[in-house]
Amino acid sequence: MTVRVYVSTVIDASADEVWARVRDFNGLPRWHPGIADSRIENDEPSDRVSCIRHFHTRDGGTIRERLLALSDYEYACTYGILESPMGVENYVATLELTPVTDGTRTFAEWHAEFDCAEGREPALVELIGQGVFQAGFEALKRHFGSRR
């Protein structure tokens with residue numbers, strides 16, 4: 001069964017500022033509260049499409065993801081999960097930013113599609129939508145809000 005998860009928010013900072021914080025594919029531990037550590041396999045650059053990040057969540061999970069696309073022009077990053085304890089297959093997610101022209105703010109969207117076993121959809125939508133995407137957005141809003 002294919003599942004879609006979508007979360008969006010507005011962050012009180014320019015898209016350039018937010019992108020500078022989230023662009024590094026290996027930088028999750030610096031801004032996402034659920035990530036303990038991360039490394040790029042084979043010492044590849046973290047902005048090389050096809051590089052693989054290997055990271056641990058704070059609850060002890062191990063996840064490997066491949067960078068599928070990165071655009072500084074579109075402020076967008078797309079990645080796919082190679083291995084995770086979540087029980088998802090064909091997982092592809094995109095984090096993208098859009099400048100809000102009315103003020104210095106950013107419209108941020110994070111969405112994913114994946115397959116999972118029937119009956120697992122509600123738990124995975126909650127985990128990914130709230131535990132990963134919304135938790136990351138809340139951390140970004142706190143970071144940029146605290147300096148203003």
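Which strands does helix H1 lie across? Helix H1 (residues 15-22) lies across S1, strand S4 (62-71), S5, S6 and strand S7 (105-116). Its direction is at about 150° to S6. Axes here are lines fitted to C-alpha atoms, for helices over the stretch in contact, and angles run from 0 to 180 degrees between N-to-C directions. Helices (H or I, at least four residues) and strands (E, at least two) are DSSP runs, numbered from the N terminus.

The model is predicted, so local features need pLDDT of at least 70 and side-chain atom pairs count only at pLDDT 80 or more, while totals for chains, interfaces and linings use all residues. Residues are numbered from 1 along each chain as its sequence is written, and side-chain values use heavy atoms, with hydrogens and water left out.

The sheet was examined next. Seven strands form an open sheet, in the order S1-S7-S6-S5-S4-S3-S2. Their pairing is antiparallel. Two strands pair if DSSP finds at least two bridges between them. Strand S1 (2-11) and strand S2 (35-40) are the edge strands, and each pairs on one side only. From one strand to the next, the twist averages 20°. Strands of a sheet pair through backbone hydrogen bonds, either parallel or antiparallel.

Seven bridges join S4 to S5, and five join S5 to strand S6 (residues 88-100). Both pairs run antiparallel. Arg 66 stands opposite Gly 80 in S5. The hairpin of S4 and S5 has four residues between the strands, and Tyr 75 there takes a positive phi near 50°. S5 and S6 also form a hairpin, with four residues between them. In that turn, Gly 87 has a positive phi of about 80°. S5 is mostly covered, as six of its eight residues are buried. Buried means under 20% relative accessible area, exposed over 50%, and partly exposed in between (1.4 Å probe, protein chains only).

At 12% relative accessibility, Ala 76 counts as buried. Its bridge partner in S6 is Glu 96. Contact means heavy atoms within 4.5 Å. Not counting residues up to four places away in sequence, Ala 76 touches Trp 19, Ala 69, Leu 70, Ser 71, Leu 95 and Glu 96. Ala 76 and Arg 23 are 53 residues apart in sequence, yet 8.2 Å apart in space, C-alpha to C-alpha.

Asp 115 is in strand S7. With a relative accessible area of 21%, Asp 115 is partly exposed. Leaving aside neighbours within four places in sequence, Asp 115 is in contact with Met 1, Thr 2, Gly 87, Val 88, Glu 89 and Asn 90. Asp 115 and Gly 136 are 21 residues apart in sequence and 22 Å apart in space, C-alpha to C-alpha.

The helices were then considered. Ala 15, Val 18, Trp 19 and Val 22 are the buried residues of H1. Seen down the axis of H1, these residues fall within an arc of 100°, so they line one face of the helix. The arc is that of the directions from the helix axis to the C-beta atoms. On the other side of H1, Asp 16 and Ala 20 are exposed.

Which residues touch the most other members of the largest nonpolar core? Tyr 79, Tyr 91, Trp 110, Phe 114, Phe 133 and Leu 140 do so, among 39 residues. Helix H3 (residues 121-145) gives the largest share of this core, six residues. A nonpolar core is a set of buried Ala, Val, Leu, Ile, Met, Phe, Trp, Tyr and Cys residues joined through side-chain atoms within 4.5 Å. Tyr 91 touches residues including Tyr 79, Phe 114, Ile 128 and Phe 133. In soluble globular proteins, nonpolar side chains tend to be buried together.

A search of the whole structure finds zero disulfides. A disulfide is a pair of cysteine sulfur atoms within 2.5 Å. The sulfur of Cys 77 is 8.7 Å from the closest cysteine sulfur, in Cys 51, and this is too far for a bond. Cys 51 is buried, at 0% relative accessibility. Cys 77 is also buried, with a relative accessible area of 7%.
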